[in-house]
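Hi,

Here is the structure I promised to pass on. Have a look at it first, and then read my notes below.

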2 protein chains.
Amino acid sequence: MARLAGVSAATASRALASPRRHPVAETTRGRVEAAAVELGYRPNPLARGLRARRTSTIGVMVHDVGDGYFAEIVRGATAEAARAGFLTMVCSSDRDPATELRYVDTLIDHRVAALLFAGGGLRDRAYQQAIADRVAGLASYGAAIVALAPRVERWPAEVTDNRGGARLATQHLLGLGHRRVALVTGPDNVHTSRDRAAGYLAAMRAARLAPVAEAGTFTPEAGAAATGRLLDRGERFTALFVASDTMAVGVLTELRRRGLSVPGDVSVVGFGDVPGWEFRTPPLTTIRSGLAQIGVAGVRRALAQLEGRDRPPRVRVHRVELVVRESTRALARAETAAG
Amino acid sequence: MARLAGVSAATASRALASPRRHPVAETTRGRVEAAAVELGYRPNPLARGLRARRTSTIGVMVHDVGDGYFAEIVRGATAEAARAGFLTMVCSSDRDPATELRYVDTLIDHRVAALLFAGGGLRDRAYQQAIADRVAGLASYGAAIVALAPRVERWPAEVTDNRGGARLATQHLLGLGHRRVALVTGPDNVHTSRDRAAGYLAAMRAARLAPVAEAGTFTPEAGAAATGRLLDRGERFTALFVASDTMAVGVLTELRRRGLSVPGDVSVVGFGDVPGWEFRTPPLTTIRSGLAQIGVAGVRRALAQLEGRDRPPRVRVHRVELVVRESTRALARAETAAG
DNA sequence: GTGAAAGCGCTAACAG
DNA sequence: CTGTTAGCGCTTTCAC
């Protein structure tokens with residue numbers, strides 16, 4: 001290796017170490033660097049990892065890489081990780097706890113320096129216990145953990161303001177004169193869903209209106225199904241807050257299938273501002289939550305932990321904003337009264 | 001480790017080796033296995049990789065994970081890899097050759113057992129040379145390489161029948177009575193694009209019709225822009241073959257924006273059968289190319305190479321089929337004549 | 001059939 | 001400031 005070219009042995013290691021933690025003569029460093037370039041030396045991360053009991057790799061657990069929501073977070077995270085010289089390993093659990101746990105084990109085996117959980121946690125005893133065990137493993141070799149969605153576990157977190165965003169979305173609809181505002185939310189055992197539902201409920205309660213809700217998983221299919229159930233139940237709503245843009249895809253499809261126009265008959269607000277909606281009709285009014293930025297912040301947070309310079313607060317809540325597009329409309333005075 | 005529990009040293013390694021390559025007494029193996037379970041022993045892939053000069057990891061290079069096209073391939077590949085005990089590292093180049101090369105270097109550093117290239121190769125001297133260098137590196141430690149799209153490099157490949165699919169799509173339109181069939185294809189320096197364009201041209205030539213084409217990158221934006229250019233140029237077409245479903249998203253949006261209905265004014269056929277079109281209007285007629293299956297086949301192929309049991313043919317072409325949905329319609333006799 | 005030894009490539013601890 | 005030594009956890013010679 002570089003040692004052959006230079007003349008020293010493990011001094012080369014010190015010469016090339018990035019935060020210079022050991023004194024090295026400038027001339028020596030020069031020779032080592034020259035040799036490294038000459039031979040195209042590349043340090044072996046496996047050997048490093050073996051010695052340091054930790055690699056320059058960051059694991060990212062998502063529910064579904066194909067979902068634009070997670071894809072955006074991953075985009076931000078990988079970019080930021082690459083900038084810091086880290087490689088990311090993205091694992092898609094397909095919303096199956098067993099698969100997720102298996103991946104987490106594998107990532108631990110590979111001694112990832114940090115593990116980011118992009119999806120929300122489950123309200124499930126067994127699952128939480130299993131995760132707790134893994135986390136102990138991660139902690140044992142000094143890996144960082146960051147949550148990018150709400151969880152019961154008290155980890156450092158970079159999360160969207162789910163509650164506030166949902167309130168904002170609902171208030172937008174109320175402000176347009178809607179009185180019968182229904183909710184299509186995610187599964188009840190996921191914290192993200194519960195928070196968004198809570199925001200909706202708070203806004204409805206403040207307006208002294210009766211809430212109406214249906215839940216599905218965070219997929220287009222589930223959005224369509226939930227909308228169908230609301231309609232089949234005979235609910236008469238003029239507006240719909242859908243707790244995820246991905247579900248909203250299915251919601252709009254189902255409404256159209258039932259002959260309801262958006263925003264003519266029903267106004268719809270989504271959540272997430274997932275890219276791609278500019279290519280759909282009508283463009284969706286939604287809550288923008290800076291997905292890529294959450295990925296970036298998650299990686300920064302992990303690096304801060306690794307360097308022991310992580311500061312409170314433990315949970316950092318990211319601001320959201322309402323993006324008004326064409327899926328919502330104001331109700332005429334008469335319509336509001338009739339509702 | 002397990003050695004403490006048992007009583008032996010590196011015999012444990014032999015006892016746990018999956019293809020038993022060394023004789024071990026049944027009783028010993030029993031004790032070792034019991035100890036392994038007891039202590040929850042998990043072999044360290046870093047140490048293994050360091051020794052074997054190769055890890056149980058498969059790298060997958062894609063142009064854009066967010067694109068449903070690649071997401072499907074990745075889904076198939078990761079599932080199959082996991083089944084064989086391999087972890088996948090997905091790297092998204094964002095269509096930037098420099099980024100791609102950097103990722104390839106990192107994957108080599110991590111001694112991936114195999115590298116799958118999901119995107120098509122570039123017709124670019126410098127890029128090809130750079131890739132050739134990396135491949136030499138991979139070969140030097142016995143890693144496998146598989147192409148999942150056409151390339152000049154003569155690697156083992158599992159590819160879609162791009163030419164045949166494009167011909168099929170074009171013939172479908174011709175069969176419906178269309179005479180002015182235009183093409184929206186991908187970049188000219190990507191092999192996948194060229195093959196699909198070739199299929200279209202072959203079908204048009206056989207029908208003695210003049211081809212009309214515009215190229216873009218494989219994104220919705222580019223699809224919309226290319227459609228705009230065709231229209232601005234004053235091309236009068238009644239049908240459009242779009243060489244990728246992802247671009248077709250933008251194509252339909254642009255047609256609608258210009259006041260053209262699909263399939264009323266223009267029939268459109270895509271390529272790929274990317275999931276999600278069931279939630280768009282109108283559902284797209286397209287060429288189904290079994291994306292996930294290509295990912296699965298790619299991993300199998302890589303494993304076969306690693307085990308030295310890869311058989312010809314070098315390039316395996318996957319069948320495609322036409323999926324007729326609602327974006328195409330037959331022209332009335334009078335319309336065909338007028339065209 | 002099993003143990004002892006060596007080494008994959010790297011870096012930290014310990015002399016000098 | 002630099003060289004030597006040791007060891008991260010594993011597997012594979014080479015002896016016995």
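A residue is called buried if 20 or more other C-beta atoms lie within 10 Å of its own, exposed if 12 or fewer do, and partly exposed in between, with the C-beta atoms placed from the backbone. A:His178 is buried because 27 other C-beta atoms lie within 10 Å.

Some housekeeping before the rest. This is a predicted model, so local features need pLDDT of at least 70 and side-chain atom pairs count only at pLDDT 80 or more, while totals for chains, interfaces and linings use all residues. Residues are numbered from 1 along each chain as its sequence is written, and chains are lettered from A and ligands numbered from 1 in the order in which they are written.

Back to A:His178. You'll find A:His178 in the loop between α8 (162–175) and β6 (181–185) of chain A; helices (H or I, at least four residues) and strands (E, at least two) are DSSP runs, numbered from the N terminus. A:His178 and A:Thr238 are 60 residues apart in sequence, yet their C-alpha atoms are 6.4 Å apart in space. Setting aside residues up to four places away in sequence, A:His178 touches A:Leu173, A:Thr238, A:Ala239, A:Ser267 and A:Leu331 (contact means C-beta atoms, placed from the backbone, within 7 Å).

Now chain A as a whole. Chain A has 13 helices and 12 strands, and its C-alpha atoms fill a box of roughly 90 × 40 × 35 Å along the principal axes. Of its 339 residues, 49% count as buried. Among contacts between residues at least 6 apart in sequence, 77% join residues at least 24 apart.

How do the two chains relate? The contact takes 30 residues from each of chain B and chain A. On the side of chain B that touches chain A, 13 residues are nonpolar, 12 polar and 5 charged; here Ala, Val, Leu, Ile, Met, Phe, Trp, Tyr, Cys and Pro count as nonpolar, Asp, Glu, Lys and Arg as charged, and the others, Gly among them, as polar. Because 100% of the interface residues of chain B are also interface residues in chain A, the copies meet through the same surface.

Next, a strand to look at in chain B. Strand β3 (residues 114–117) of chain B is covered on both faces: B:Ala114 and B:Leu116 are buried on one side, and B:Leu115 and B:Phe117 on the other. Strand β1 (residues 57–62) of chain B runs parallel to β3(B), joined by 4 bridges, and B:Gly59 stands opposite B:Leu115. (Two strands pair if DSSP finds at least two bridges between them.) β3(B) also pairs in the parallel sense with strand β4 (residues 144–147) of chain B, over 4 bridges, where B:Phe117 stands opposite B:Ala147.

One more stop is B:Thr160, in strand β5 (residues 157–160) of chain B. B:Thr160 counts as buried, with 26 C-beta neighbours inside 10 Å. Beyond its neighbours within four places in sequence, B:Thr160 is in contact with B:Gly165, B:Ser289, B:Ile294, B:His318 and B:Val320.

Cheers

Note on methods: Two residues are in contact if their C-beta atoms, placed from the backbone, lie within 7 Å.
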